[in-house]
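Take a look at the model below.

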Amino acid sequence: QRESAGFSVSGARVLEVQGDFAALYKPAGLHSAAIAGRDNPSLERLLPELLPGKNAVLLNRLDQLTSGIVLAALTAGAAQRYSELEDAGQVTKEYAARVHGCLEWPVTVKNALDTDNTKKTKVLPQEDESPLRWTRVEPVDYLADQDQTLVKAMIHKGARHQIRAHLAHILHPIVGDPLYGEGEEGRLHLHHGRLEFPGFIVQVAPEWP
């Protein structure tokens, strides 16, 4: 267990190493990347401890409030290969989320996003030309007593806050989202639970039911 600035990061761990890639688990509340000029706890700062001697480099990031899979490359060649696979649409990222309201049918949110604002991503009225930037959402279970739906969200090449902004845009904000939803007390119910591309697959269940 490691403590920094009063924050325990013991929940970060290696899920699986396959070839030149390593899948890591990032708990909610931990930054993915180190912030320049700040000694903030982050998964990136933990890489030498989690993968000693590997010179690992993060290939994707999750919001601080989001839990789940973060991928690392163990070689420069692996990083280049992943980038090419992502551009070719051969990477699938599957998230679990709990949203407000009853989502009855699967929907694909195709709206383009404006990520210029460093805090909040804006959903634009026009469709994104690249299907890699769309969000496919499928209902899994409706929790009638809470008027919430458990959903599966799938993306190929995500933009910052893509799933959070897209779900709020279709009037189903994620439970606990302080930026795009109602900001209830508790945690953001968004979890990156499955990652797949040719020759690699990993999955991990969320800590919330």
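Predicted model: local features only at pLDDT ≥ 70, side-chain atom pairs only at ≥ 80, totals over all residues.

**From a loop residue to the core**

D147 sits in the loop between β11 (135-143) and β12 (148-155). D147 is not a glycine, yet its phi is positive, about 50°. Is D147 buried, partly exposed or exposed? Its relative accessibility is 38%, so D147 counts as partly exposed. The cut-offs behind that word are under 20% for buried and over 50% for exposed.

A second residue has a positive phi. L171 is also a residue other than glycine, and its phi is near 65°. L171 lies in the loop between α3 and β13, just after α3. L171 has a relative accessible area of 70%, so it is exposed.

Now step back to the whole chain. The protein chain has three helices and 14 strands. Its C-alpha trace spans about 50 × 40 × 30 Å along the principal axes. What radius of gyration would a compact globule of 209 residues have? The value would be near 17 Å; the protein chain has 17 Å, so the two agree.

Take the contacts in the protein chain with a separation of 6 or more: 61% of them join residues 24 or more positions apart. Of the 209 residues, 45% count as buried. The accessible surface of the protein chain is about 10500 Å². Carbon and sulfur atoms hold 48% of that surface.

The protein chain carries 22 positive and 27 negative side chains. The centres of the two sets lie 4 Å apart.

Helix α3 covers residues 162-169 and is mostly covered itself. How many of its eight residues are buried? Six are. They are Q162, I163, R164, A165, H166 and L167. In an α-helix there are 3.6 residues a turn, so residues three or four places apart point the same way.

I163 belongs to helix α3. At 5% relative accessibility, it counts as buried. Which residues does I163 touch, leaving aside its neighbours within four places in sequence? They are Y95, T135, A153, I155, I174 and L190. Take L190 from that list. L190 is 27 residues from I163 along the chain, and their C-alpha atoms are separated by 8.9 Å.

V70 gives another view of the interior. V70 is in strand β6, residues 67-73. Its relative accessibility is 0%, so V70 counts as buried. Neighbours within four places in sequence aside, V70 is in contact with A22, A23, L24, K26, S32, L43, L58, N60 and L62. N40 is 30 residues from V70 along the chain, and the C-alpha atoms of the two are separated by 18 Å.

Last come the aromatic rings. A pair of aromatic rings is described by the distance of the centres and the angle of the planes. How many aromatic pairs does the structure hold? There are four. One of them joins F21 and F197: the ring centres are 5.1 Å apart and the planes meet at 70°, so this pair is edge-to-face. The pair links distant parts of the chain.

Stacked needs planes under 30 degrees apart, and edge-to-face needs over 60. Both F197 and F200 are buried. Which residues do the ring pairs link into a cluster? The cluster consists of F21, Y82, F197 and F200.

Conventions
Residues numbered from 1 in each chain as written. Heavy atoms only, no water. Helix = DSSP H or I, 4+ residues; strand = E, 2+ residues; numbered from the N terminus. Rg over C-alpha atoms; globule rule 2.2 N^0.38 Å. Buried < 20%, exposed > 50% of the residue type's maximum accessible area, 1.4 Å probe, protein only. Contact = heavy atoms within 4.5 Å. Areas by Shrake-Rupley, 256 points an atom, 1.4 Å probe, with all protein chains shown as cover. Lys, Arg positive; Asp, Glu negative; His and termini not counted. Charge placed at Lys NZ, Arg CZ, Asp CG, Glu CD. Phe/Tyr/Trp six-rings, centres within 6.5 Å; stacked < 30°, edge-to-face > 60°.
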